[in-house]
Amino acid sequence: MTKVSELMLPILVLIMVMYMMHVHLVLSVQMPMVPSCPLNSSIVLMLATEPILPSGNMIVTYGPPGPWTIVKYGNLEYLLQINMWNLASVGYGNETLTFSNKTGEICFSSFISNVTLISPSGGVWGYPGIYLDGIFPGSQVNIRNPLLPLPLTVSDLVNGSYSDRLIVLNYSMWVPDNEPMDWSYDIWLTTAPAPSASLNHGAELMIWLYTTTPVFSWADTGIKVNIPVTVNGSLINETFDVHVDCYHGSGSTYWTYIAFVPLNGGFENGYVSISLKPFLQYMVKVFPLTCPSLWSSWDQVTKLWMDVITLGSEYGNDQWVSYPGWGVIAWRLYEASIVVPGLTQVTKTATTTTTVTETVTTTITSPELVTSTSIVTETSTLVETVSSTTTLSTTLTKLATVTSTVTIIRQVISETVVWWVLVIVIIVAIALVVLRERII
């Protein structure tokens with residue numbers, strides 16, 4: 001037994017080392033490269049996990065939910081927030097939300113891992129984005145837009161003088177194929193106008209413009225509706241799945257949740273314009289149909305007050321909370337505005353096409369040490385456009401290239417070397433045992 005133990009001990013140790021190095025190598029290779037946001041922007045919000053030396057344009061927190069601030073562009077204002085509301089902690093990485101007061105562009109980039117969820121059953125990690133218009137119930141921060149002065153009743157928005165308003169976005173998304181997420185409006189409605197109103201017995205209306213997870217069974221009603229959406233100047237009759245959860249929330253506080261989810265996944269990028277009116281009309285009809293104990297009539301729904309319109313990206317997964325479950329996503333918002341059809345107004349928009357390429361150079365200095373230098377080149381083409389209801393002219397095209405270098409030094413043992421070392425160890429161990437027997 002002693003001889004067998006002496007023989008097996010170095011073999012077991014070597015196998016364990018080889019396994020751990022192999023796992024480390026695989027995980028290192030699988031780390032995704034996410035487009036970054038410019039840190040020289042006018043405003044930079046960052047959720048970080050390691051100490052950094054912030055500059056004057058940065059607001060940094062070292063834990064969730066992350067920082068927020070109010071920015072202005074022309075006569076409009078927005079509230080920016082990282083808003084990782086379902087994270088108790090983040091073990092690795094950072095999230096960045098930036099704003100340019102020259103172009104109005106808002107950029108978000110996330111690269112985090114080893115997270116702890118407050119509510120694991122919820123799955124979603126957070127909702128980074130902006131307040132587009134209005135005031136959240138219970139809050140004192142009011143983002144005012146004169147073209148849609150929220151709070152307003154559903155009746156005002158369906159049948160009144162504000163029923164013709166359009167919400168226009170110009171954006172682009174970067175999402176890995178297997179990252180669960182949605183890019184959506186999140187609209188809150190209450191039984192009395194904010195800020196004094198409570199979420200209780202109110203409603204949450206989500207309009208998803210893009211998603212990688214088009215159906216979630218726990219709220220799917222089976223109802224499908226066709227609603228017109230304008231994409232890059234073309235009118236599309238988009239099919240949406242209607243999802244409803246009558247008692248959404250927790251404890252004694254609940255509201256009715258309704259989400260319109262594009263059946264085909266929606267629009268990953270482009271110039272997208274919607275009217276709130278048809279979505280609200282379907283909500284008025286669907287609530288009494290799916291939640292009759294809460295909503296007895298259409299009239300009850302039309303008396304709800306719309307308090308705030310937010311825009312952002314839900315993402316994350318309850319299966320991705322540990323390494324290597326990276327939460328990676330990036331988007332750029334070039335324009336977000338409320339429009340009155342037929343009203344002459346001049347706006348400047350900026351459209352950026354970003355290409356990210358990676359060149360990896362591997363240097364083997366010894367069988368145990370491999371240095372990988374990853375050069376990530378992000379090339380952005382920015383087209384700034386001045387437009388009105390009657391004219392459209394391109395005024396500027398410029399090319400910006402940002403190159404960053406990341407060097408990763410890791411201890412690895414190639415498989416060929418590992419197997420040769422294993423064979424040598426076995427031969428030496430056998431030889432020692434045989435030699436010991438002869439000496440004895």
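Modeller: Pro 151 lies in the loop between strand E8 (142-143) and strand E9 (152-153); helices (H or I, at least four residues) and strands (E, at least two) are DSSP runs, numbered from the N terminus. This is a predicted model, in which local features need pLDDT of at least 70 and side-chain atom pairs count only at pLDDT 80 or more, while totals for chains, interfaces and linings use all residues. Residues are numbered from 1 along each chain as its sequence is written, and side-chain values use heavy atoms, with hydrogens and water left out.

What is the peptide bond from Leu 150 to Pro 151 like? The bond between Leu 150 and Pro 151 is cis, and its omega is near 5°. Pro 65 is placed in the loop between strand E2 (58-61) and strand E3 (68-73). As background, most peptide bonds are trans, and most residues other than glycine have a negative phi.

The phi angle brings us to two asparagines. Asn 83 is not a glycine, yet its phi is positive, at about 55°. Asn 83 sits in the loop between E4 and strand E5 (87-99). Is Asn 83 buried or exposed? With a relative accessibility of 19%, Asn 83 counts as buried (buried is under 20% relative accessible area, exposed over 50%, partly exposed in between, with a 1.4 Å probe and protein chains only). Asn 114 also has a positive phi of about 55° without being a glycine. Asn 114, however, belongs to strand E6, and its relative accessibility of 36% makes it partly exposed.

Strand E6 (residues 106-117) also holds a bonded cysteine, Cys 107. How many disulfides does a search of the whole structure find? The search finds 2 disulfides, a disulfide being a pair of cysteine sulfur atoms within 2.5 Å.

Because the torsion about the S-S bond of Cys 37 and Cys 107 is about -80°, the disulfide is left-handed. Cys 37 counts as buried at 7% relative accessibility, and Cys 107 is buried with a relative accessible area of 3%.

The other disulfide joins Cys 246 to Cys 291, with 1.9 Å from S to S. Here too the pair links distant parts of the chain, 45 residues apart: Cys 246 is in strand E14 (residues 234-250), while Cys 291 is in the loop between helix H3 (276-290) and helix H4 (298-302). Why is the disulfide of Cys 246 and Cys 291 left-handed? It is left-handed because the torsion about the S-S bond is about -85°. Both Cys 246 and Cys 291 are buried, and Cys 291 has a relative accessible area of 2%. The C-alpha atom of Cys 291 is separated by 8.5 Å from that of Asp 245, although the two residues are 46 apart along the chain. Counting bonded cysteines along the chain, the disulfides follow the pattern 1-2, 3-4.
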